[in-house]
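Biologist: Please take a close look at one part of this model, the packing of the helices in the longer chain, and tell me what surrounds it.

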Amino acid sequence: MARAFTPLAVLAMLLFAIAPFYVASAPDEQTMGLIQRVFYYHVPSAMLLFLSAFVCGIGSAVFLFKRSAAADRVAVAAGELAVAFGLIVLITGPMWARKAWGVWWQWDARLTSSLLLWMMFVAYLLVRRYGGPGSEKLSAAMAIFGMANVPFVYVSVNFWRTIHPNTNVVMTLGSGMRGPFWFCAASFLLLYVLLLTLRRRLEEQRASVEQLYLALDD
Amino acid sequence: MKRRVMTIVGVMLMTAGSLVGVAQQPPAGQAPGDFLPVSSLPAVEQLPAAPLMIGAYAVVWVVLLVYVWSIWRRMKKVEGELADLRSRLQSR
């Protein structure tokens, strides 16, 4: 991965540079018009929020049950990415909603549960940062709880009466919209893998610093 | 007979009252609470989509760039600490 990192980073930058032009070539949505194009960044970010929650939860579970420090490092990296991509979702969504629904925010099932999911991972990071000794295990348990919430957030639009579009939208996209959407999704996913790798590397180096401090004390 | 006259007078009064009420109503589409199509709003009151869409894309870029910058900054600090600790260990 180390050798492939730079070429993949260049590829990711290229994809992100091309994405706006590809999105501009997509047709206007018939009821929402121009503002619907926020969809091409908003939905991939939401997908990565869910993915990060799963990666963090699974890494935390492996850390708790197998005491794997490597899994814990991946979990921390994924936890930060969950907060970053969640922030993107929670800002771009209301900007879209202001034009499409006439309001910045609605306390409906999807929006509220997404906000709560994001807050769980903010809490995960705060416990890791300020929780003191033993906070790794407590935060790992929180991450597993956060991961368990993801299916509820996803199906909330199908089970509750909500203003948010339901889960059929991506699967029933028109042909002109499918290409730009999956292009953006692939770009975001590549970027996610690179950021996860980078952040995990930072945790590895911090672990090396701790080991060197211990070696110095001997 | 008296009852018939009273009924006719009552109907005439009600009709006159309705006519006065209708005459006092504002033209259609201008009373408070009337539904208006958005296309008939003056342009200044329609919410433009472009600034919101451009703003949303800008938010994505800003968040990602700030996050990459924060990783880079932390990585530099840790690499400095690592180099310092290794040199201290070697000099022992």
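**How the helices pack**

Modeller: Helix α1(A) passes α6(A) in a left-handed crossing, and I start from this pair in what is a predicted model. The two helices, residues 2–24 and residues 175–217 of chain A, have axes that come within 9 Å and cross at roughly 150°. Because roughly antiparallel is the term for angles over 145 degrees, α1(A) is described as roughly antiparallel to α6(A). On the α1(A) side the contact is made by Phe5(A), Leu8(A), Ala9(A), Leu11(A), Ala12(A), Leu15(A), Phe16(A), Ala19(A), Tyr22(A) and Val23(A). Facing them from α6(A) are Pro180(A), Phe183(A), Cys184(A), Ser187(A), Leu190(A), Leu191(A), Leu194(A) and Thr197(A). Sorted by class, the residues of this contact come to 16 nonpolar and two polar, with no charged residue.

Helix α6 of chain A also holds Ala185(A), a residue that counts as partly exposed, with 18 C-beta neighbours inside 10 Å. Once its neighbours within four places in sequence are left aside, Ala185(A) is in contact with Pro44(A) and Met47(A). The C-alpha atom of Ala185(A) is also separated by 7.8 Å from that of Tyr40(A), although these two residues are 145 residues apart along the chain.

Of the 218 residues of chain A, 38% count as buried. Among the contacts in chain A with a separation of 6 or more, 75% are accounted for by residues 24 or more positions apart.

A second pair to consider is α2(A) with α5(A), whose axes come within 8 Å and cross at roughly 140°. That angle makes α2(A) oblique to α5(A), and the crossing of α2(A) and α5(A) is left-handed. From α2(A) the contact draws on Phe50(A), Ala53(A), Phe54(A), Cys56(A), Gly57(A), Ser60(A), Ala61(A), Phe63(A) and Leu64(A). From α5(A) it draws on Lys137(A), Ala140(A), Ala143(A), Ile144(A), Gly146(A), Met147(A), Val150(A) and Tyr154(A). The residues of the contact of α2(A) with α5(A) divide into 13 nonpolar, three polar and one charged.

Cys56(A), one of the α2(A) residues in that contact, also has a place in the largest nonpolar core, which has 56 residues and in which Cys56(A) and Ala82(A) are those with the most contacts. Two or more residues of this core come from each of α1, α2, α3, α4 (109–130), α5 (135–159) and α6 of chain A, and likewise from α2 (50–91) of chain B. Helix α3(A) gives the most to this core, with 16 residues. Apart from neighbours within four places in sequence, Cys56(A) is in contact with Ala75(A), Ala78(A), Gly79(A), Ala82(A), Phe121(A), Ala143(A), Gly146(A) and Met147(A).

The loop between α2 (39–66) and α3 (69–100) of chain A contains Arg67(A). With 10 C-beta neighbours inside 10 Å, Arg67(A) counts as exposed. Most residues other than glycine have a negative phi. Arg67(A), by contrast, is not a glycine and yet has a positive phi of about 55°.

In all, 23 residues of chain B are in contact with 26 residues of chain A, and the side of chain B that touches chain A has 17 nonpolar, one polar and five charged residues. Within this meeting of the chains, the axes of α3(A) and α2(B) come within 9 Å and cross at roughly 170°, which means that α3(A) is roughly antiparallel to α2(B). Ala84(A), Leu87(A), Ile88(A), Ile91(A), Thr92(A), Met95(A), Trp96(A), Arg98(A) and Lys99(A) make the contact from α3(A), while Leu52(B), Gly55(B), Ala56(B), Val59(B), Val60(B), Val63(B) and Tyr67(B) make it from α2(B). By class, the contact of α3(A) with α2(B) has 12 nonpolar, two polar and two charged residues.

Definitions and conventions: Residues numbered from 1 in each chain as written. Chains lettered and ligands numbered in written order. Predicted model: local features only at pLDDT ≥ 70, side-chain atom pairs only at ≥ 80, totals over all residues. Contact = placed C-beta atoms within 7 Å. Nonpolar A, V, L, I, M, F, W, Y, C, P; charged D, E, K, R; others polar. Axes fitted to C-alpha atoms, helices over the stretch in contact; angles between N-to-C directions. Helix = DSSP H or I, 4+ residues; strand = E, 2+ residues; numbered from the N terminus. Parallel < 35°, antiparallel > 145°, perpendicular 65-115°, else oblique. Left-handed = near helix turned anticlockwise from the far one by under 90°. Buried ≥ 20, exposed ≤ 12 C-beta atoms within 10 Å, placed from the backbone. Core = buried A, V, L, I, M, F, W, Y, C linked by C-beta atoms within 7 Å.
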